[in-house]
Amino acid sequence: MTAIEARDVVLSFGETPALRGASVAVDPGEIVAIMGPSGSGKSTLLHCLAGILVPDTGEIHFDGHRIDTLSEQERSMLRRDRFGFVFQFGQLVPELTAEENVALPLLLSGARRAAALAEARPWFARLGLDGLERRRSGELSGGQAQRVALARGLVARPKVLFADEPTGALDSLTGEQVMDLLVTSAHEEGTTVVLVTHEARIAAYADRQVIVRDGKVNALVGA
Ligand SMILES: Nc1ncnc2c1ncn2[C@@H]1O[C@H](COP(=O)(O)OP(=O)(O)OP(=O)(O)O)[C@@H](O)[C@H]1O
């Protein structure tokens, strides 16, 4: 059984076709990079796989269950409980400390504050963030903030981590450090990862690469 899968997904924004029959299947624990030119449909495909967007036609399957037919509320619960997210600009909550940001998914799932913070803290040592627990996002470097965002994406032990250009706002060395941590943590946790990037050297960290062109997915020749 695949962890997450799109089958022949078609989606248009008004008159603009974004996906024109896109299919991709990701195995449990696999890290797949979605590559492709700007505007080819990468983010739209990731948003469909993550249950954020609903395809016009086609199917999305998670863990053996079809999820595109679920209600908005059911998809929202699925995202909260089973999926993790890391975006290009981290999107930390500026009013919260780093450790509160990491604890956020647990708090939103109903964990008590002390328990959530206790689960958040080990991630700081794990991701090289020791001593930064009480900082706010404005007091972190871009790479530190993105590692906090990665910890937040993984703290609730999601089945699938969705990462949309997670290194896009970082310089190349910092970006590679974040990718290294993402891949190491995901493999340790057995987390499936769907990664969107347009950078070949970031995609090279994945177990497998696919290319989206004109709203369709092609296997990368030679991969
Ligand atoms: N919310 C939206 N409303 C209208 N059109 C959209 C919307 N989101 C995406 N599109 C269009 O859908 C197509 C696919 O966009 P998408 O963002 O998925 O591409 P992408 O491959 O992720 O691009 P990039 O690498 O530039 O981020 C593009 O033509 C884009 O302009």
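**Notebook: strand 8 and its surroundings**

I started in strand 8, where Val-194 is the bridge partner of Val-32. Strands and helices here are DSSP runs numbered from the N terminus, E with at least two residues for strands, H or I with at least four for helices. This is a predicted model, and local features need pLDDT of at least 70, side-chain atom pairs count only at pLDDT 80 or more, while totals for chains, interfaces and linings use all residues. Residue numbers run from 1 along each chain as its sequence is written.

**Strand 8 and its partners**

I looked up both pairings of strand 8 (two strands pair if DSSP finds at least two bridges between them). Strand 3 (residues 31–35) runs parallel to strand 8 over four bridges. Strand 7 (residues 160–164) is also parallel to strand 8, over five bridges, and there Leu-161 has Val-193 as its bridge partner.

Is strand 8 (residues 192–196) covered or open? Mostly covered: five of its five residues are buried. My cut-off for buried is 20 or more other C-beta atoms within 10 Å of the residue's own, with 12 or fewer for exposed, partly exposed in between, and C-beta atoms placed from the backbone. Thr-192, Val-194 and Val-196 are buried on one side, Val-193 and Leu-195 on the other.

**The core**

Of its 67 residues, Ile-34, Val-194 and Leu-195 touch the most other members. Helix 6 (residues 142–154) gives the most to this core, six residues.

Which residues does Val-194 touch, not counting those up to four places away in sequence? I listed Ile-4, Val-26, Val-32, Ile-34, Leu-46, Leu-49, Val-160 and Phe-162. Contact means C-beta atoms, placed from the backbone, within 7 Å.

Next I traced an open sheet of four strands, order 2-1-4-5, with antiparallel pairing. Strand 2 and strand 5 (65–66) are at the edges with a single partner strand each, so one side of each is left without a neighbour in the sheet.

Strand 1 (residues 4–13) and strand 2 (residues 16–26) pair over eight bridges in the antiparallel sense, with Ser-12 opposite Pro-17 of strand 2. The two strands make a hairpin with two residues between them, and Gly-14 in the turn has a positive phi of about 60°. On to strand 4 (residues 57–62): five bridges join this strand to strand 1, antiparallel, and Glu-5 has His-61 as its bridge partner there.

**Whole chain**

Last, the overall numbers. I counted eight helices and ten strands in the chain. Buried residues are 45% of the 223. Among contacts with a separation of 6 or more, 69% are between residues 24 or more positions apart. The C-alpha trace spans about 45 × 40 × 35 Å along its principal axes.

Notes. Contact = placed C-beta atoms within 7 Å. Core = buried A, V, L, I, M, F, W, Y, C linked by C-beta atoms within 7 Å.
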